[in-house]
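Please find below a note on the structure, arranged as numbered points. It treats helix packing, the ligand shell and model confidence in turn.

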Amino acid sequence: MIEVRELTKRYGGALAVDRLSFEVGPGRVTGFLGPNGAGKTTTMRALLGLCAPASGAALVGGRPYAALRRPLRHVGALLDAGAVHGGRRALDHLGWLARSNGIGAARVPEVLEQAGLAGVARQRVGGFSLGMKQRLGIAAALLGDPGVLVFDEPVNGLDADGVRWIRGLMRELAAGGRTVLLSSHLMSEMELTADRLIVIGRGRLVADTSVRDLAERYRRGVLVRSPRAGDLARALAEAGAEVTAEPGGGLSVRGMEAPAIGDLAARHGIPLHEATPRGASLEEAYLRLIEDAAEHRAATGTGASR
Ligand SMILES: Nc1ncnc2c1ncn2[C@@H]1O[C@H](COP(=O)(O)OP(=O)(O)OP(=O)(O)O)[C@@H](O)[C@H]1O
């Protein structure tokens, strides 16, 4: 369980995170999404005790990171995969981490295998590609078999195989009852991996939603075509649907699903040539959400000072 409560972090006069609150529960992958500079990395760093918040709290299992004894057993994280001493061999790097966290040495070959690095365990990290470093960072995160995992943009630098592997791994970890928080600025990435989304913009919470609810929120109704569009529009409006004319002679219908529209047209003897549900893509929904939040801030004058 992750709890972020009224978290605020400033860099100089600028607010990077602004009274941000959310919770991340176990058993599913939660996506942490926001445009560049929204405050995702800062929030994750606060969660891992790597920066001190101005106020508020970021807790793992009810405690701040600094209060966790042998933290790798509670929370595993991938933040900056490049931050490994290049002269060390992968095996030694993980061995050292295991020893300093009271983790049995037997875990090292296990996580190397899990991360697909068994074959390069004795190579020096300095010669690793970015993708291999990402895998090593993930192996380190898994070392203590923690209940909470935090990954900042984990697909960066991975090839197509690596990306597929990491998506599978995230889902597997969540299915095993772990709390998995995964950041990205790409909705396309979240769409394939996350069940729930925490969306932030300019350090503030924009949405805490299931992926499905987000798509639903920005649905654009049903596109309907009929050679008797006027009659159909009247019948739909009488039945309580919201109907607007579209360029090209179609009707956009909200408040009634396609099968009900078909039934209604049949009852009135009106031919129906098309009834296409038009869901906004998740990417569109996400962009609208971010835009709406920015407009709301502009309208209410609640923009974060920078
Ligand atoms: N060490 C720092 N010193 C000064 N400003 C910082 C520092 N770290 C982050 N910031 C600023 O805080 C804000 C939030 O940055 P953060 O890296 O948390 O965003 P992000 O959502 O992770 O972005 P990205 O998707 O680009 O990684 C940005 O305006 C950034 O410039």
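How are H2 and H4 oriented to each other, roughly parallel or roughly antiparallel?

1. This is a predicted model, in which local features need pLDDT of at least 70 and side-chain atom pairs count only at pLDDT 80 or more, while totals for chains, interfaces and linings use all residues. Residues are numbered from 1 along each chain as its sequence is written.

2. Helix H2 (residues 90-100) and helix H4 (residues 130-142) have axes that come within 10 Å and cross at roughly 25°. Axes are lines fitted to C-alpha atoms, for helices over the stretch in contact, and angles run from 0 to 180 degrees between N-to-C directions. H2 and H4 are therefore roughly parallel to each other (angles under 35 degrees count as roughly parallel, over 145 as roughly antiparallel, 65 to 115 as roughly perpendicular and the rest as oblique). Helices (H or I, at least four residues) are DSSP runs, numbered from the N terminus.

3. On the H2 side, Ala90, His93, Leu94 and Leu97 meet Leu136, Ala139 and Ala140 of H4; residues are in contact if their C-beta atoms, placed from the backbone, lie within 7 Å. This contact of H2 with H4 comprises six nonpolar residues, one polar and no charged. Ala, Val, Leu, Ile, Met, Phe, Trp, Tyr, Cys and Pro count as nonpolar, Asp, Glu, Lys and Arg as charged, and the others, Gly among them, as polar.

4. H2 also packs against helix H3 (residues 107-114), at an angle of about 130° and with the axes 9 Å apart. That angle makes H2 oblique to H3. Ala90, Leu91, Leu94, Gly95 and Ala98 of H2 form the contact with Arg107, Val108, Val111 and Leu112 of H3. The residues of this contact divide into seven nonpolar, one polar and one charged.

5. The residues around the ligand include Tyr11, Asn36, Lys40 and His185; a residue is near a molecule if its C-beta atom, placed from the backbone, lies within 6 Å of it. Helix H1 (residues 40-47) gives the most to this shell, with three residues. By class, the shell holds three nonpolar, seven polar and one charged.

6. The protein averages a pLDDT (the predictor's confidence in each residue, from 0 to 100) of 90, and 97% of the residues score at least 70. Confidence is lowest in helix H7 (residues 211-217), at a mean of 80, and highest in helix H8 (residues 229-238), at 97. For the complex, the predictor gives an ipTM of 0.94 and a pTM of 0.82.

Note on methods
Helices (H or I, at least four residues) and strands (E, at least two) are DSSP runs, numbered from the N terminus. Two residues are in contact if their C-beta atoms, placed from the backbone, lie within 7 Å.
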